[in-house]
Protein chains: 2
Amino acid sequence: MKTIKVELGERAYSIHIGDGLLLRGDLIGPHIGGTQVMVVTNEVVAPLYLDTLVSTLTDFDCHSLVLPDGESFKNIEVLNSIFDALLERRFTRDSTLVALGGGVVGDITGFAAACYQRGVAHLQVPTTLLAQVDSSVGGKTAVNHRLGKNMIGAFHQPSCVLADTATLKSLPSREFRAGLAEVIKYGLIRDPEFFQWLETNIGATLDLEPEALSLIIERSCRNKAEVVAEDERESGARALLNFGHTFGHAIETGLGYGTWLHGEAVAAGMCLATSLSARLGWISEEDVRRVEKLLLRAGLPTRPPDALDDARMLELMAVDKKVLGGRTRLVLLEALGRAVVSDDLDPKTLRNTIAHARGAG
Amino acid sequence: MKTIKVELGERAYSIHIGDGLLLRGDLIGPHIGGTQVMVVTNEVVAPLYLDTLVSTLTDFDCHSLVLPDGESFKNIEVLNSIFDALLERRFTRDSTLVALGGGVVGDITGFAAACYQRGVAHLQVPTTLLAQVDSSVGGKTAVNHRLGKNMIGAFHQPSCVLADTATLKSLPSREFRAGLAEVIKYGLIRDPEFFQWLETNIGATLDLEPEALSLIIERSCRNKAEVVAEDERESGARALLNFGHTFGHAIETGLGYGTWLHGEAVAAGMCLATSLSARLGWISEEDVRRVEKLLLRAGLPTRPPDALDDARMLELMAVDKKVLGGRTRLVLLEALGRAVVSDDLDPKTLRNTIAHARGAG
């Protein structure tokens, strides 16, 4: 087992990574303040891992709640069903919520913990690669609103994150590959050595070799933990984690959520951001080819979907930008392994980059 | 104008108290980060003060939202209507919410600010005595759930509180008197000199003499600010602010919300807690009479309502306690002006106190 500390003063916590951690009551127990525990999961994960986790928590008054599966259920109504369950069972202010599942379960459970009686403790037990390397770490919680993704939420750090690599064996291959997009992202934005490691070891990773899995999760979490420790509430450096995401969100919204997975849209978005960086002369065409090659080997898309035309894509990006502050704001690369926020982008350069991406690929 | 600072480090803010502050753009402007402002108010307050406040904010892109009036609308559905309004008008992360109204408007608007895009700034402009001396200060925000009051919420401090004493002239007398219950509470729990001042000046206060009004609001806010600075998230000293409230909540729930005003229920609750303290030998019967006399002069109830029998009252208090942690926990007086939390109360003493209160009065 490996352990990474997220250094946030009185809100500091550990991320444990290893095989079989769902059985480790010794890791979970110390983070449960009172006696009441509510494990929140979904209908896909419950049959696989809920009994195991509940049997690990027999020392506590352990309840569980199974939500419907999917991004479309990450909304205020389902959030309210968590509050119903907690209040019907008279959960007190010293109770603990445990999120067992992927990003949707983690986000909505974390937000429920942030608001229930003005804040109770919660643990994250992510069961997808995306959640293990990204969404379970850093305290961003939210639900969607019909007018925007993650628009209602809170910063609420977990007491502990338990990434059991054994759960990845049951993950569909497409979802695993989508998670790899965020892994590759850490290499691109701040860890050139990790990017090189991935170029050499992407095969072993796709074969789910235990050492490779453990390394990519640890390295990703370490990168994320450092960024979050530096900028908990996203007023600065944390924005770099959005590399590829403005393009990616436009693709997700344009196609309708679920058509492309988040990681797939981010992969295409990272290619666009990389091309744009080259067009500005910040990196070389050779760098662009290295990024595309790695993403292709990971089985990820490297250009925008045909079903979404350039004009619509630019329009959706403008909305995303507007919501983020009204300026043309994108994360770009100064080098492979070093990202920066660019605030004053020429709209024409952006348009040309997207048009050119259609021709390539 | 008087100004009190709530000392909370990077979350520190000022409370301004004075006549005509709704017109003081110079006090409000510096707390508005971006350009977008949403004034949230209700259908009773809007016709009285909304135009005035909006005309003070002409330098900004100022919008307003009028909610239905009453505690029954402090719920997740109405909260969601605030999110709708913000998202439909494309409010960004640097926008500001302004709560113009009483406790309900302040609580729900503060909670909307806590959650919108994971937290935006908000100002409190309280227009009732209760909100000016209590709910607008300290960052407790919430909505009700059908299974409990204030069960869903957040700690989210305002950037500034503006208590315009001129707004109290339009406040119904019964609501003003209910607000006085919380004012008297500060004297009882931690400010014996203020309690004495109130004994002498309750007449001038009820006559709305400007100097008396200014003094009671300032002194109340100063007391609250000190307690909040010491214990922002209610892990210790802040619990003393709940003096009379466990009894009070039982009365409010037992009669149905709105039958007695919150302050009226708290007044009767403070009398019960005071009697109980005397029964334990901590204070004298003379002390009890002083408290009852002041509350009676303020036009407030000093014993539980006839419509609520002892058994039901005790049952409701048990629920309240259970929700708060499972122990018999009450705030009592060691002296007039010094409250403590009592954790191990004999249920029989509690029962006798309530039964005796029926005979008295």
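**A chat about two chains**

Visitor: Hi! How many residues of chain B are in contact with chain A?

Guide: 30 residues of chain B are in contact with 30 residues of chain A. Two residues are in contact if their C-beta atoms, placed from the backbone, lie within 7 Å. This is a predicted model, where local features need pLDDT of at least 70, side-chain atom pairs count only at pLDDT 80 or more, and totals for chains, interfaces and linings use all residues. Residues are numbered from 1 along each chain as its sequence is written, while chains are lettered from A and ligands numbered from 1 in the order in which they are written.

Visitor: Over to chain A. What domains does the assignment give?

Guide: Domain 1 (2–170) and domain 2 (173–359), with bounds from an automatic or database domain assignment. Their C-alpha centres lie 26 Å apart. The contact takes 25 residues from domain 1 of chain A and 28 residues from domain 2 of chain A.

Visitor: Which element gives the most to the domain 1 side of that contact?

Guide: H5(A) does, with five residues. Strand S1 (2–6), strand S2 (13–18), helix H5 (129–135) and strand S8 (148–155) of chain A are the elements that give two or more residues there.

Visitor: Let's pick a helix. What about H11 of chain A, which residues in it are buried?

Guide: Val288(A), Val291(A), Glu292(A), Leu294(A) and Leu295(A) are buried. A residue is buried if 20 or more other C-beta atoms lie within 10 Å of its own, exposed if 12 or fewer, and partly exposed in between, with C-beta atoms placed from the backbone.

Visitor: What covers the buried residues of H11(A)?

Guide: The cover includes helix H6 (173–190), helix H7 (192–206) and helix H10 (262–279) of chain A. Just after H11(A), Gly299(A) takes a positive phi of about 75°.

Visitor: New topic: where does Asp94(A) lie?

Guide: In the loop between helix H3 (76–88) and strand S5 (96–101) of chain A. Asp94(A) counts as partly exposed, because 16 C-beta neighbours are inside 10 Å. The C-alpha atoms of Asp94(A) and Leu330(A) are separated by 41 Å, and the two are 236 residues apart along the chain.

Visitor: Last one, the whole of chain A. How many helices and strands?

Guide: The secondary structure of chain A comes to 13 helices and 11 strands. Of its 361 residues, 49% count as buried. The C-alpha atoms of chain A fill a box of roughly 60 × 40 × 35 Å, taken along the principal axes.

Note on methods
Helix = DSSP H or I, 4+ residues; strand = E, 2+ residues; numbered from the N terminus.
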